[in-house]
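Hi,

Here is the structure I promised to pass on. Have a look at it first, and my notes follow below.

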Amino acid sequence: MPDYAPQELATQLKSGLLSFPVTHFTQDLEFDEAAYREHLSWLSGHPVAGLFAAGGTGEGFSLTATEIDRVVRVAVDEVNGRVPVVAPATGGTATAVEQARAAEAAGADGLLLMPPYLTEAGQEGLVEHVSAVCAATGLGVIVYSRANAVLNDRSVAALAERNETLVGFKDGVGDIENLTRIYAAVGDRLAYIGGLPTAETFALPLLQLGVSTYSSAIFNFVPQYALDFYADVRAQNRDAVYRRIREFVIPYLDIRDRMKGYAVSIIKAGLTAVGRPAGPVRPPLQNLKDGELAELTALINKIS
């Protein structure tokens with residue numbers, strides 16, 4: 001049985017910053033369990049509201065189903081109840097259902113339902129897809145709205161009414177009108193999570209739309225800075241937030257935006273910069289170049 005019932009999970013996730021750890025690889029791109037455990041132990045010692053294993057920052061898209069199951073089980077074992085562990089459900093409906101059941105068997109506390117791979121779909125089909133995963137287990141489900149699976153307000157309202165275990169909506173688009181419509185339709189029935197790349201950039205304006213938390217990738221390598229940034233957002237301290245955006249986030253984005261996929265690669269580079277290497281990224285992602293790593297290291301040193 002999970003440590004958190006679905007609504008308990010939603011309440012917990014809304015209460016603080018969310019951690020999306022990288023997945024550690026050896027130089028030959030195999031899962032490095034020992035290094036991953038050490039990383040999770042370090043991260044879970046900080047006051048976050050949830051840990052999402054094998055998510056986007058964790059290169060879940062590059063992991064086999066067997067590897068995802070192993071990563072989730074290691075996360076559950078290592079964290080040992082200190083924070084809830086949320087596992088991914090990916091791919092088409094049958095695959096997502098299979099992964100959802102595997103996550104429940106592994107002891108995960110919830111599911112992050114990713115968009116179906118590649119296939120475009122209408123709203124009715126997406127509602128059926130999400131509902132099938134919600135029905136597959138008793139775990140709380142957070143649906144990730146982005147790419148080819150952007151849900152509108154009517155679909156979210158229908159899903160919330162139909163599926164008691166749907167407890168969260170993660171936004172990866174940043175469409176203010178759609179978010180406003182969704183919150184107007186279902187209110188606090190769901191937990192709202194910011195899921196745009198480098199979510200800190202959008203955290204303050206989205207707070208006004210009910211998005212009380214977000215997935216912090218930079219928490220992987222500057223955890224205290226990420227927590228302080230989140231505290232400034234929740235306090236609506238505009239001066240402090242924009243000072244941090246100027247001193248770190250914007251120059252960080254300038255490096256990130258040089259290559260597609262760097263939103264993930266730069267996190268592993270950040271860990272190298274702080275002396276906690278997580279290994280390379282798997283193709284088709286590319287590692288930062290040596291000069292870019294040096295720029296990032298200098299930037300981190302300025303805020304450390």
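I'll start with a pocket: α11 and α12 (290-303) each supply at least two residues of the lining of the second largest pocket. Helices here are DSSP runs of H or I with at least four residues, strands are runs of E with at least two, and both are numbered from the N terminus. A pocket is an open set of points on a 1 Å grid over the protein atoms alone, where a 1.4 Å probe fits, with protein on both sides within 12 Å along at least five of seven lines; lining residues have an atom within 4 Å of a point.

Before going on, bear in mind that this is a predicted model, where local features need pLDDT of at least 70, side-chain atom pairs count only at pLDDT 80 or more, and totals for chains, interfaces and linings use all residues. Residues are numbered from 1 along each chain as its sequence is written, and side-chain values use heavy atoms, with hydrogens and water left out.

Back to that second largest pocket. Its volume is about 190 Å³, a volume being the space filled by probe spheres set on the grid points, which are joined across faces, edges and corners. Of its 13 lining residues, Ala269, Thr272, Gly279, Pro280 and Asn287 are the closest to the centre. The largest share, four residues, comes from α11. By class the lining has six nonpolar, five polar and two charged residues (Ala, Val, Leu, Ile, Met, Phe, Trp, Tyr, Cys and Pro count as nonpolar, Asp, Glu, Lys and Arg as charged, the others, Gly among them, as polar).

The largest pocket holds about 1200 Å³ of space. It is lined by 44 residues, with Gly56, Phe61, Tyr144, Arg146 and Val264 closest to its centre. β8 (213-216), α10 and α11 (262-273) are the elements giving two or more residues to this lining, and α11 gives the most, with three. The lining splits into 25 nonpolar, 13 polar and six charged residues.

Next, a helix pair. α9 (residues 223-234) and α10 (residues 238-256) pack at about 145°, with axes 9 Å apart; axes are lines fitted to C-alpha atoms over the stretch in contact, and angles run from 0 to 180 degrees between N-to-C directions. Among the residues that meet there are Tyr225 and Phe229 from α9, and Ile245 and Phe248 from α10, where contact means heavy atoms within 4.5 Å. The residues of this contact come to eight nonpolar, no polar and four charged.

Two backbone details are worth a look. The peptide bond from proline 283 to proline 284 is cis, with omega near 15°, and proline 284 sits in the loop between α11 and α12. Leucine 29 has a positive phi of about 70° although it is not a glycine; find it in the loop between β1 (18-19) and α2 (33-44).

Overall, the chain has twelve helices and eight strands, and its C-alpha trace spans about 50 × 45 × 35 Å along the principal axes.

Cheers
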